[in-house]
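Q: I'm new to this one and would like a close look at a single part: the place where the two chains meet. Could you walk me through it, and then show me what lies behind it?

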Amino acid sequence: MFSRLPIFFAALLIFLTLPTFATEPAPDFTLPTFPDNIEINLKDFKGRVVYLDFWATWCPPCRKSFPWMDEIHERYKDEGLSVIAVTLDKKREQIEQFIKKTEPAFIIAHDPTGKVAKTYELRAMPTTYLIDRNGHLVMTHTGFRSIDKEGLEAAIQEQLEK
Amino acid sequence: MIKTLLFSTFISLVLSACSLEPVQPWDRDLLAQQKMQLVADPLEIYLDEHTYFSKEASSGGQGVGGGGCGCN
């Protein structure tokens with residue numbers, strides 16, 4: 001009877017880790033860019049790897065991630081990476097002030113009511129979603145610490161190589 | 001009988017309205033401000049947490065992080 005235990009645990013382990021491997025289509029969205037107010041849709045980025053980041057000016061780890069997002073945008077944009085940073089700030093002046101200071105080269109989109117954040121079931125800020133070239137959600141990451149950079153970059157590289 | 005039924009319906013309706021909606025992460029801009037912390041002085045928080053962590057480390061210490069903004 002006990003000889004079957006390892007098989008049972010192996011099966012259990014595979015079953016429990018299944019959701020991690022399963023990819024699902026990323027929820028579609030249309031949002032205006034900031035400050036130009038040009039409508040962008042997730043479908044426009046089909047064929048590219050999308051690094052979708054939800055942030056706000058009042059969230060310290062979000063601010064900390066900006067120089068790094070600029071770095072990866074510069075490094076991988078020609079290989080097919082699009083960085084879209086969705087701000088959930090309600091006041092435009094706060095975003096303007098922050099953007100003037102940081103001058104990001106990637107796309108900033110504005111979701112003041114949090115409607116897109118809700119469809120992505122955001123639990124904390126910042127939350128990052130990695131979407132593959134076929135529009136499938138392949139990774140979710142919450143928070144931003146210096147030690148996260150390596151893992152995030154490896155995940156981006158893996159998707160770009162596919 | 002009808003009075004009791006009406007009363008219990010009224011009470012259950014009133015009580016069901018008591019549930020609180022959790023604050024969404026993107027609505028925590030005011031809660032994330034320094035003045036909204038229970039203790040506004042960062043040094044005092046640091047010292048208190050250090051003592052707490054040292055004393056309660058065996059049961060997880062400061063296992064749950066965050067000061068309201070939901071960032072980490």
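**Where chain A meets chain B**

A: Let's start with the contact itself, keeping in mind that this is a predicted model. On one side, 18 residues of chain A are in contact, and on the other, eleven residues of chain B. Trp58(A), Lys90(A) and Met125(A) do a lot of the work here: they supply 45% of the area that chain A buries against chain B, more than any other three residues. Taken together, the two chains bury about 1,100 Å² between them, and 62% of that is on carbon and sulfur atoms.

Now for the charged side of things. The rule finds one salt bridge across the interface of chain A and chain B. Its partners are Lys90(A) and Asp27(B), whose closest N and O atoms are 2.9 Å apart. As for which elements take part, α2 (60-76) and α4 (115-119) of chain A each give two or more residues to the side that touches chain B. By type, that side of chain A divides into ten nonpolar, four polar and four charged residues.

Next, a step away from the interface. The largest nonpolar core has 50 residues, and those with the most contacts inside it are Tyr51(A), Leu52(A), Phe54(A), Leu81(A), Tyr120(A) and Ile156(A).

Trp68(A) is a handy name to follow from here. Glu153(A), which is found in helix α5 (residues 148-161) of chain A, is in contact with Trp68(A), Arg75(A) and Tyr76(A), leaving aside its neighbours within four places in sequence. With Arg75(A) there is also a polar contact, side chain to side chain, at 2.5 Å. Is Glu153(A) buried or exposed? Glu153(A) counts as buried because its relative accessible area is 16%, and the cut-off for buried is under 20%.

One last stop is Ser146(A), in the loop between β8 (136-142) and α5 of chain A. Ser146(A) has 42% relative accessibility, so it counts as partly exposed. Ser146(A) and Trp68(A) are 78 residues apart in sequence, yet their C-alpha atoms are 9.4 Å apart in space.

Note on methods
Residues are numbered from 1 along each chain as its sequence is written. Chains are lettered from A and ligands numbered from 1 in the order in which they are written. This is a predicted model: local features need pLDDT of at least 70, side-chain atom pairs count only at pLDDT 80 or more; totals for chains, interfaces and linings use all residues. Side-chain values use heavy atoms; hydrogens and water are left out. Contact means heavy atoms within 4.5 Å. Buried area is the accessible area (1.4 Å probe) that two parts lose on being put together, summed over both. A salt bridge is a side-chain nitrogen of Lys or Arg within 4 Å of a carboxyl oxygen of Asp or Glu. Helices (H or I, at least four residues) and strands (E, at least two) are DSSP runs, numbered from the N terminus. Ala, Val, Leu, Ile, Met, Phe, Trp, Tyr, Cys and Pro count as nonpolar, Asp, Glu, Lys and Arg as charged, and the others, Gly among them, as polar. A nonpolar core is a set of buried Ala, Val, Leu, Ile, Met, Phe, Trp, Tyr and Cys residues joined through side-chain atoms within 4.5 Å. Buried means under 20% relative accessible area, exposed over 50%, partly exposed in between (1.4 Å probe, protein chains only). A polar contact is a pair of N or O atoms within 3.5 Å; within protein, one must be able to donate a hydrogen and the other to accept it, and residues adjacent in sequence count only if both atoms are side-chain atoms.
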